[in-house]
Amino acid sequence: MASTRSHQGEQAAQDPIRLLAIRDTPLTVDEVFRAVGDDAAGGTALFVGTVRNHDGGADVDTLGYSSHPSAEAELRRVAEKVVAGYPVRALAAVHRVGDLAVGDLAVVVAVSCPHRAEAFEACRKLIDDLKNEVPIWKHQKFSDGTEDWVGA
């Protein structure tokens with residue numbers, strides 16, 4: 001019996017990076033989920049980051065994201081690193097910029113892999129590295145009149 005690792009479905013896809021974007025329009029989970037569909041994937045992990053109504057014990061009134069002009073190139077670099085480190089069949093990541101309301105989707109990432117454990121690990125690596133390495137900054141305004149820049 002042949003090892004399951006020798007099956008073509010276990011190998012990395014030809015072009016696993018299916019969708020990368022930083023945009024000022026609303027995000028959808030469906031778009032990202034569809035982008036990572038792959039018949040050879042047994043596991044798909046998806047992370048959705050939403051705007052919450054508080055941070056650090058203070059009520060958030062408004063929130064805005066801005067990005068450096070190099071942000072999409074850095075997002076691609078992060079995605080390529082994930083693809084190199086995991087058996088990714090398909091990967092997608094979108095981040096919103098501009099003014100967002102509580103409950104809006106700020107970031108949606110997804111990864112599909114042959115197995116669920118790999119998908120979970122790759123998705124976690126993708127969102128963690130995106131948040132740590134891609135130059136996107138969050139500007140929060142609180143109900144007490146204070147403001148905070150996160151990631152700047």
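In β5, which residue is the bridge partner of L20? The bridge partner of L20 in β5 is A93. The model is a predicted one, in which local features need pLDDT of at least 70 and side-chain atom pairs count only at pLDDT 80 or more, while totals for chains, interfaces and linings use all residues. Residues are numbered from 1 along each chain as its sequence is written, and side-chain values use heavy atoms, with hydrogens and water left out.

The chain holds three helices and nine strands, where helices (H or I, at least four residues) and strands (E, at least two) are DSSP runs numbered from the N terminus. Read from the N terminus on, the elements follow the order β-α-β-β-β-α-β-β-β-α-β-β. The C-alpha trace spans about 65 × 25 × 25 Å along its principal axes. Of the 152 residues, 44% are buried; buried means under 20% relative accessible area, exposed over 50%, and partly exposed in between, with a 1.4 Å probe and protein chains only.

Four strands make up an open sheet with mixed pairing, in the order β1-β5-β7-β2. Two strands count as paired if DSSP finds at least two bridges between them. β1 (17–23) and β2 (43–50) stand at the edges with a single partner strand each, so one side of each has no neighbour in the sheet. On average, neighbouring strands of this sheet are turned by 5° against each other, direction ignored.

The pairings can be taken in sheet order. β1 pairs with β5 (residues 90–96) in the parallel sense over six bridges, and I17 stands opposite L91 in β5. β5 and β7 pair in the antiparallel sense, also over six bridges. Here A93 has V109 of β7 as its bridge partner, and H95 stands opposite V107 in β7. β2 and β7 are antiparallel too, with eight bridges; F47 has V109 as its bridge partner in β7.

How many of the residues of β5 are buried? Seven of the seven are, so β5 is largely enclosed by the rest of the structure. A90, A92, V94 and R96 point one way from β5, and L91, A93 and H95 point the other way. β7 is mostly covered as well, with nine of its nine residues buried.

α2 lies across β1 and β5 and runs at about 150° to β1. α3 touches β2, β5 and β7 (105–113), and its direction makes about 145° with that of β7. Axes are lines fitted to C-alpha atoms, for helices over the stretch in contact, and angles run from 0 to 180 degrees between N-to-C directions.

α2 (residues 71–85) and α3 (residues 116–133) pack at an angle of about 150°, their axes 9 Å apart. The two are therefore roughly antiparallel to each other, the term for angles over 145 degrees, with under 35 counted as roughly parallel, 65 to 115 as roughly perpendicular and the rest as oblique. Contact means heavy atoms within 4.5 Å. On the α2 side, E74, L75, R77, V78, A79, K81 and V82 make the contact, and on the α3 side A122, K125, L126, D129, L130 and E133. These residues divide into seven nonpolar, no polar and six charged. Ala, Val, Leu, Ile, Met, Phe, Trp, Tyr, Cys and Pro count as nonpolar, Asp, Glu, Lys and Arg as charged, and the others, Gly among them, as polar.
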